[in-house]
Amino acid sequence: MRCPHLPEGFDFTDPDLLQARVPHPEFALMRRTAPVWWCTQPANISGFGDEGYWAVTRHADVKYVSTHPELFSSNTNTAVIRFNETISRDQIEVQKLIMLNMDPPEHTRVRQIVQRGFTPRAVRSLEQALRTRARSIVETAHAAAAGTGGSFDFVTDIAVELPLQAIAELIGVPQEDRSKIFDWSNKMAAYDDPEYAITEEVGAEAAMEIVAYSMHLAAARKECPAQDIVTQLVAAEGEGNLSSDEFGFFVILLAVAGNETTRNAISHGMHAFLTHPEQWELYKRERPRTTAEEIVRWATPVVSFQRTATQDVELGGQPIRKGERVGLFYSSANNDPEVFDAPETFDITRDPNPHLGFGGGGPHFCLGKSLAVMEIDLIFNAIADVMPDLRLLEDPRRLRSAWLNGIKQLQVRTPVGCRPATSGGAGAAGGP
């Protein structure tokens, strides 16, 4: 089936397309005319040895697939919708050890263990340390900008830092090792971008580096338990625990899901503020608690994941056969006018905001949502206090990726020669 309104060969997972833009006009067309649409692909271009996938673009349908794991599997072909034609099936199979790519009941077992680190109490315990870190990150960037006339890259100097430091804080990785996690996660996620010259093999090697590092950390905690989440996950007696290799693959998930996505949400959020100055002025005055959720909806850092039908099923009036892949396009769902008033508007007071930026519900709903929201709140409070007059210098440089809505570089400028503002009542009100 081909939609007559789209060019021949159009593919929502084309990394060249996503490097240029998120295809919102085409998503809107599909929601209206073919909300469950078969996208034909050249054989094996995605690494799965098939001829395409079903593109699911409506909010309701994305939620339905997400909440019915018995019908739509994350494990059969993993949740990543497109690798490339050079990947081997063995390399895909290895990725099934990551929780993102598991189905119940194995997913249920692992999630019950790892969620110990993401209880409300555990997340709240990080808040003061991360508040201090957020302020320090922004003040450091502000001071460094004085040597460049006030200009700097927001992504590398601000957006990457707090997610990395949060992961380090969460699992006890020494702060001096955070650059290693950053480098390894970049290599795993950026295999489609020629600027990084990253191959599937290099990405796999980076994943193994994370596993090896994490296994060493787990072994050390088993030998000498500490008051940290690693000890809770790998050395808890009588409560079930992760093996060392399971912990390693959990850290891979944190490195991509907890680092890449939050970093890109922060980068897109800053770009949204600088291109919607009335929203930035509103934020600086009032610090609405709804801000972080709107930033995630607007950014939707993960454009899509996929599932594979476990049996013949019907979705949106279309018959889907067992074994066919189903693409869940969160970027489209988060702009569905049946759910959101004026979805094309960036509105930090939007409430309610039932976006799917943290997943469509079900077993794979983002485990670290509360931590991500906290990080976004803290970093923008710090930016508003220290760099209230930030300006955009040029359009962002986007990542070439089949499924990530990534920003590689965002050049901005802050006035120099003046002291940063001190945080006041408004900043305090913005805490999560």
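**Exercise 1.** Identify the buried residues of helix α5 (residues 106–114), and work out how they are arranged around the helix axis.

*Solution.* With buried taken as under 20% relative accessible area (1.4 Å probe, protein chains only), the buried residues of α5 are H107, V110, R111, I113 and V114. Viewed down the axis of α5, these residues fall within an arc of 160°, so they line one face of the helix; the arc is that of the directions from the helix axis to the C-beta atoms. The buried residues of α5 pack against α12 (229–234) and α13 (244–275), where contact means heavy atoms within 4.5 Å.

The model is predicted, local features need pLDDT of at least 70, side-chain atom pairs count only at pLDDT 80 or more, and totals for chains, interfaces and linings use all residues. Residues are numbered from 1 along each chain as its sequence is written, and side-chain values use heavy atoms, with hydrogens and water left out.

**Exercise 2.** Describe how α13 packs with helix α15 (residues 291–299).

*Solution.* Begin with the geometry: the axes, which are lines fitted to C-alpha atoms over the stretch in contact, with angles running from 0 to 180 degrees between N-to-C directions, lie 9 Å apart at an angle of about 95°. The two helices α13 and α15 are therefore roughly perpendicular, a term that covers 65 to 115 degrees. Turning to the residues, A265, H268, G269, A272 and F273 of α13 meet T291, I295, W298 and A299 of α15.

How values were computed:
Buried < 20%, exposed > 50% of the residue type's maximum accessible area, 1.4 Å probe, protein only. Helix = DSSP H or I, 4+ residues; strand = E, 2+ residues; numbered from the N terminus. Parallel < 35°, antiparallel > 145°, perpendicular 65-115°, else oblique.
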